Amino acid sequence: MTYTTFNEMYAADGGVRLHYRQFQSWLSRQSDDLMRLKRAEADLVFRRVGITFAVYGDGAGTERLIPFDVIPRIIPAAEWRLLEAGLRQRVKALNLFLHDIYHEGEIVRAGKIPAESVFGNAQYRPQMKGIDVPGGIYAHIAGIDIVRADAGEYYVLEDNLRVPSGVSYMLEDRRMMMRLFPDLFACNRVSPVEHYPDLLLENLRSVAPVGVENPTVVLLTPGMYNSAYFEHAFLAQQMGVELVEGKDLFVDDAHTCTHLSRWHEATRPEFALCHRFGATSLYAAGFASVSCGNARKVLELAGAKTIPVARGLQTPLVRPYPRDPFSHGDDGLGDLALPAPSIADDPRFAADVIVDTVDRYAGDISIIGIGPLTNIALALMKDPELPRKVSELIVVAGAYGFDSTNSLRATGDNPVSEWNVYVDPEAAEKVYGAGFNLTAIGVDIATHDSIALTDAHRSALRASTRKSAWFLANVVEFVERRDFRACCALIDSLAIAVALDPTLVGTQRLRVGIDTQGTLTLVMRRRQALGKSPPPAASLVLISELKK
């Protein structure tokens, strides 16, 4: 008997399959040396970030880098829709099977499966007989291994229902491809995968017991020596939930409780306003839905329900989200207990919202970035012509040395690079070098003493009947209770003020580059003259003083 393997890229006659032609054309233009360098870069980043897995019984070492191939496996949309429908059907059938064997047992009585194969299995739990699980879902996550036969048809190799792992490596591989080959994503319509942690958390919350409106979700891990520990830590961080071990749990009065030190660093709602037409959110302590919900709360408080809010990337482009040195309260908004918003998220991905909105108002639209520049960098990958279509990009990013005292005492962030750049320097590098008409507000100017609120300002805010005034007054007090100056609550507001009235500030046009190689000193490099800076430093307008 002879067997043939299915070639993903080439047909039997040697021709390139239709859905691989554009990629093959691109690949043929890349040199072998470049591809080797890219692969080495991927290995370096994976090793630096610690994206590894353990191999039990491997005498050569306990940790290996995750598998990564610069040649992607491309599945056309129509083919994926058929595959997705089949996989959904299969997972539903598996859950129905588990429900049946713990209830009526009709599949056994019908002789479809021998009784000893079920009830004699070491994993069968007679204690579960007759128990109804929430939503009828026994397997909340399913890892379905599929293979392709010689004619290209798909077969299921095995079903992993207990503790399937590997999705974190898929997410990290996608992020690495976007870093190494952004042009591929600019010229191809690639389905996003970044929202997987959101879907996972939503799924887990959906099976909470009846009557529990705000369930606590934790991720249980055997510990750091488990082969999939990176995935456990990754998913816990991405979902914004606690990572726990068995020793962290105890039973008290028939309730399973979490026995943890629950210090939680929630962050401010970091979102970029696209003129008055849309807002996009970023990660809050690694969880984009937190900042997205907070953005909607603030917009609703301000009476701006019609502005759409879309979720952005869960993490920076390459690096894990670092710990924020400043706590914004348990809710990320100064513990003010704002009501849940009535407006829903825009279902589109944040980068798509930016691209779509800019296309609609090309030449007459400004983008204001008051968080890390991740979403704007992704939008650039999708549309390299974005800088030509945007009239102005104003960002709160960097510290340029115009006021070194303020840089050092600002918000506890890296005094050289400022938090928004420090979180995602690769994104900042892309945005700064893209050719935008870019105005940057450094933290050294945004924390100037003249921005701080006076007693008269505070009294006016307290006397106002506007909800937004109440919000601002309370946020300022929250910041001051954390031993920071009041101006630290107004850093992002300066970007809006400059967009409305550019005469408020004085500016200088200088060259700025971004160092992405250091591990502790990711810095902004300010140049004093346009002619003295080597590439890839970008020319941009820096706000150097406050005039009013």
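Student: What does contact mean when we read a structure such as this one?

Tutor: Contact means that heavy atoms lie within 4.5 Å. This is a predicted model, in which local features need pLDDT of at least 70, side-chain atom pairs count only at pLDDT 80 or more, and totals for chains, interfaces and linings use all residues. Residues are numbered from 1 along each chain as its sequence is written, and side-chain values use heavy atoms, with hydrogens and water left out. Leaving aside neighbours within four places in sequence, Asp 100 is in contact with Gly 105, Glu 106 and Ile 107.

Student: Where is Asp 100 found, and is Asp 100 buried or exposed?

Tutor: Helices (H or I, at least four residues) and strands (E, at least two) are DSSP runs, numbered from the N terminus, and Asp 100 belongs to helix H3, residues 77-101. Buried means under 20% relative accessible area, exposed over 50%, and partly exposed in between, with a 1.4 Å probe and protein chains only; Asp 100 has a relative accessible area of 10%, so Asp 100 is buried.

Student: How many residues of helix H9 are buried?

Tutor: Helix H9, residues 229-239, is mostly covered, with eight of its eleven residues buried, and among these are Phe 230, Phe 234 and Leu 235. Just after H9, Gly 240 takes a positive phi of about 75 degrees.

Student: Why does Val 147 count as partly exposed?

Tutor: Val 147, which is found in strand E3, residues 143-148, counts as partly exposed because its relative accessibility is 35%.
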